[in-house]
Amino acid sequence: VALAAAKLLPPSTDPCGRLVYGVPTPENYNMAVGKVDYQFTAQHSLCGRDLYDRGALNQPNRWDTDKTNFLNSNVLKQTATEQAFTLGDTYLLGSNTVNSARVAFNRGFSFRSQHPDLPSWPKLGAKMYGYPDPSYVGLAVTGGVTLQTGAGGGAGNFKQVINTYGANDDVSWVHGTHQAAFGVSLLRMTEVNTVQSIPQGGASFNGSILGLGYADFLTGNAATFVQNNPTTHNNSQWFFAAYASDTWKATRKLTLSYGVRWEPFFPVEFTDGTTYLLDLVKLRQGVKTKQYTNAPPGVFYSGDPGVGKNSAQNTQWGSISPRVGLAWDVTGDGRTSIRAAYGMFNDFVPLIAQFGSNNIPPFSPR
């Protein structure tokens, strides 16, 4: 296998076999923005904007254009497209009240891939299973050649599709020394990731057996060899928020601001059912799932008590966040001010950071 892989490398004129080479990585960017404003009446206006970015990253595969050096296969083909569309409606309900409504749609697509027909470990002579499409090899030799890309010591393809649909409505009302504001926001986020990072196998040889990376490679003494099945992560989540606030000109020198925001947490939905729950108490008690015979204690899946069909997370309705602040013009001449504020804020982990939850057995044996 090692000799077959070595044949893929270009010859070197250096007596020690060193090879110096460079790989061009051209990138192309293309962006277009369109905007429209329309005034129906003195009280009513409409606006729209569309941003289309075809060149978020558009990098060709070097191996497609130059097959004289197999090391060029390390440069992945990468394409990405992003689009953001917004439509807004503004209406004056009176001389002191404004209502603003917005709807938005954002989408993103990215694809990273190696050449679709690179030699795999089975093609190089290893007696193992290899996924027929795509075909590639993941190899890293300390002090030597690297034929790999992607996470986990492997190579391959990664495709991501993200969509966000949203709407919000905000009202601003001025009355005397008060300026009140309140509104609501609703979002639906979806994300699909198709990962083929190491299904063909990723091997590393670091010299831990014979002292040299190449010596371990030629004798088949791998330090690590990792392989898993291709995986698809299909996640989605709802987001909702409502708020009310008031800015009060209490005196000529003092302005107070106060309000509250309500942001209930909605679970991340694993649409393909690849969700699990880790219960440390039941782990210590040795309690096991009834879904899979060989699962370790403390890990529970869809169908077990406390685990929903598509999520192990719980809805949290009580996320109330108060805000209060003040601004004090000390002398009244605008030259010295003291400001103070306090607030509570909630956040949640983005979908992209949670797709690794699918990467456990039995959904993704490794």
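**Contacts, cores and pockets**

Analyst: Leaving aside residues up to four places away in sequence, Met31 touches Tyr52 and Asp53. This is a predicted model, and Met31 is found in strand β1, which spans residues 31–39.

User: Is Met31 buried or exposed?
Analyst: The class follows from relative accessibility, where exposed means over 50%. Because the relative accessibility of Met31 is 57%, Met31 counts as exposed.

User: What distance separates the C-alpha atoms of Met31 and Thr81?
Analyst: Met31 and Thr81 are 50 residues apart along the chain. In the model, their C-alpha atoms are separated by 9.7 Å.

User: Which elements give two or more residues to the largest nonpolar core?
Analyst: The largest nonpolar core has 17 residues, and those touching the most other members are Trp121, Leu139, Val141, Val145, Leu147, Phe205 and Phe217. The elements that give two or more residues to this core are α1 (2–6), α3 (121–124), β5 (138–141) and β9 (202–205).

User: Which residues does Val145 touch, not counting residues up to four places away in sequence?
Analyst: Val145 is among the residues of the largest nonpolar core that touch the most other members. With residues up to four places away in sequence not counted, Val145 touches Leu9, Leu71, Leu139, Ala140 and Tyr214.

User: Which residues that line the largest pocket are the closest to its centre?
Analyst: The largest pocket has a volume of about 430 Å³, and its lining comprises 15 nonpolar, four polar and one charged residues. Of the 20 residues that line this pocket, the closest to its centre are Leu9, Gly17, Gly144, Val145 and Tyr214.

User: Which elements give two or more residues to the lining of the largest pocket?
Analyst: The lining of the largest pocket has 20 residues. The elements that give two or more residues to it are α1 and α4 (213–218).

User: How many charged residues are in the lining of the second largest pocket?
Analyst: The second largest pocket holds about 190 Å³ of space, and of its 13 lining residues, the closest to its centre are Glu263, Phe265, Asn346, Asp347 and Phe348. By class, this lining has seven nonpolar and four polar residues, while the charged residues number two.

Methods. Residues numbered from 1 in each chain as written. Predicted model: local features only at pLDDT ≥ 70, side-chain atom pairs only at ≥ 80, totals over all residues. Heavy atoms only, no water. Core = buried A, V, L, I, M, F, W, Y, C linked by side-chain atoms within 4.5 Å. Buried < 20%, exposed > 50% of the residue type's maximum accessible area, 1.4 Å probe, protein only. Helix = DSSP H or I, 4+ residues; strand = E, 2+ residues; numbered from the N terminus. Contact = heavy atoms within 4.5 Å. 1 Å grid on protein atoms, 1.4 Å probe; cavity = no way out; pocket = protein on both sides within 12 Å on 5 of 7 lines; lining within 4 Å. Points joined across faces, edges and corners; volume = space filled by probe spheres on them. Nonpolar A, V, L, I, M, F, W, Y, C, P; charged D, E, K, R; others polar.
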